[in-house]
Amino acid sequence: MASSEDDEDAIIAVTAATTSLIACYYQYFVEKTICYDSILSGSAHVDEVLNGHDARCQKNFRMEKHVFLLLCELLQEKQLLRHSKGVRVEEKVAIFMLVVGHNERNRVLQERFQHSGETISRHFNAVLDAIVQLADDFLQPAGPCTPDEIRDNPRFYPYFKNCVGAIDGTHIPAMVSEEEQPLYRNRKGFISQNVLVACSFDLQFHYVLAGWEGSAHDGRVLDSALTRSDKLIVLEGKFYLGDAGFALTPSFITPYRGVRYHLKEYGRNRPKDAKELFNLRHSSLRNAVERIIGILKRRFLILQAQPQYPYESQVKIVLACCIIHNHIRRECINDLFLDGEDVTTVPETDAGIPEDNNEGARLGRNRDRDLASELRTSIADAIWNNYRRRRCTI
């Protein structure tokens with residue numbers, strides 16, 4: 001008897017649940033009840049911003065109006081994005097820029113653009129995938145020519161004539177599963193991905209490698225960048241400037257260890273020898289990579305928070321932000337994000353270079369280090385000799 005009553009209760013519960021599901025389906029897919037009924041649609045909001053004062057576009061979409069429209073046109077020309085029913089390309093890109101530029105949540109964007117959460121998410125991911133496909137167009141390796149910033153400055157030329165840029169690692173907050181957190185916890189104690197960037201002195205990215213665990217050393221990430229299929233290319237005889245967290249090689253010249261480096265360490269005291277003067281000039285040039293990382297994080301606030309996206313998307317977001325940054329640098333007349341204090345980055349200079357237990361690789365590294373040390377010494381001596389001659393003539 002009790003069993004029969006239990007069966008009846010189960011049937012009643014199943015029937016009620018089924019009825020509820022049918023009602024929900026009818027409401028959302030048959031009746032299609034409209035819950036976003038604002039008089040200002042998402043398309044109208046985008047038009048209002050683009051037709052308003054240019055400062056509104058810079059504030060909302062992180063770039064000038066003409067730069068925003070050029071990005072939309074480029075994505076359409078390359079057939080990476082197209083207008084869809086009820087949503088133009090400009091609106092899709094606007095959704096994306098509000099997410100990466102302001103770290104806006106899906107729920108907030110639903111109200112602003114009058115779309116469902118699924119629609120917001122779908123268009124965000126479509127734009128993300130489209131922008132990542134522009135990597136080959138915007139992340140170009142350094143060429144053979146001496147950068148203008150070096151050639152036109154007697155403090156750096158001809159000593160650094162073969163220098164093409166600067167490299168550094170930066171930590172971007174990440175969200176991973178509890179099991180993976182020990183791998184992604186960096187030396188500062190927070191969960192992050194370690195991102196290697198190489199940039200020019202006019203503040204454009206040459207190369208970006210995102211996705212490495214926060215616990216990975218900069219040198220290990222650089223080794224990966226030099227051996228993978230989409231590798232960092234350094235032309236023969238050219239070099240990047242790196243901090244003391246990298247190994248000294250002919251392609252990556254680092255400062256002298258145990259010697260004053262940053263300008264603030266000198267104060268009013270002049271450099272005392274060739275090593276100090278070399279470090280001071282090295283720091284002045286390498287400051288470009290610290291600046292570009294600071295600008296990137298100020299422009300794209302999502303890079304300062306733990307984004308609630310799959311880790312694969314978090315990696316793509318970093319790459320997409322760097323691509324958009326390069327687009328802005330190429331097209332923008334007045335970039336407001338060039339001013340202001342840089343966001344603090346996680347320094348790697350106090351970490352030792354990880355040892356390589358492979359004897360052959362270690363011998364090769366030793367030879368590279370000796371060659372690079374000779375190059376660095378020759379540069380330091382040339383700078384110092386000229387510096388002393390100039391002081392004697394004053």
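**Group meeting talk: a walk through one predicted model**

When I say helix or strand, I mean a DSSP run, H or I of at least four residues for helices and E of at least two for strands, numbered from the N terminus.

Before going on, please keep in mind that this is a predicted model, where local features need pLDDT of at least 70, side-chain atom pairs count only at pLDDT 80 or more, and totals for chains, interfaces and linings use all residues. Residues are numbered from 1 along each chain as its sequence is written, and side-chain values use heavy atoms, with hydrogens and water left out.

Is H325 buried or exposed? H325 counts as buried, because its relative accessibility is 0%. Here buried means under 20% relative accessible area, exposed means over 50%, and partly exposed is in between, using a 1.4 Å probe and protein chains only. And which residues does H325 touch? Leaving aside residues up to four places away in sequence, H325 touches L203, F205, I292, I295, L296, R299 and F300. A contact, by the way, means heavy atoms within 4.5 Å.

Next, please find strand β1, residues 163–173. Here 11 of the 11 residues are buried, so β1 is largely enclosed by the rest of the structure.

Now for two helices. α3, residues 54–61, packs with α5, residues 89–102, at an angle of about 65°, and their axes are 8 Å apart. The axes are lines fitted to C-alpha atoms, for helices over the stretch in contact, and angles run from 0 to 180 degrees between N-to-C directions. That makes α3 roughly perpendicular to α5; the cut-offs are under 35 degrees for roughly parallel, over 145 for roughly antiparallel, 65 to 115 for roughly perpendicular, and oblique for the rest. From α3, K59, N60 and F61 meet A94, M97, L98 and H102 in α5. The residues of this contact divide into 4 nonpolar, 2 polar and 1 charged. In that count, Ala, Val, Leu, Ile, Met, Phe, Trp, Tyr, Cys and Pro are nonpolar, Asp, Glu, Lys and Arg are charged, and the others, Gly among them, are polar.

Last stop: salt bridges. Side chains of opposite charge can pair when their charged atoms come close. For us, a salt bridge is a side-chain nitrogen of Lys or Arg within 4 Å of a carboxyl oxygen of Asp or Glu. How many are there in the whole structure? The search finds 12 salt bridges.

One of them joins E276 and R260, with the closest N and O atoms 2.6 Å apart. This pair links distant parts of the chain, 16 residues apart: E276 is in helix α12 (274–299), while R260 is in the loop between β5 (252–253) and α12. E276 is buried at 11% relative accessible area, and R260 is buried at 18%.

R286 and E290 form another, again with 2.6 Å between the closest N and O atoms. Both lie in α12, 4 residues apart, about one turn of the helix. R286 counts as buried at 3%, whereas E290 is partly exposed at 25%.
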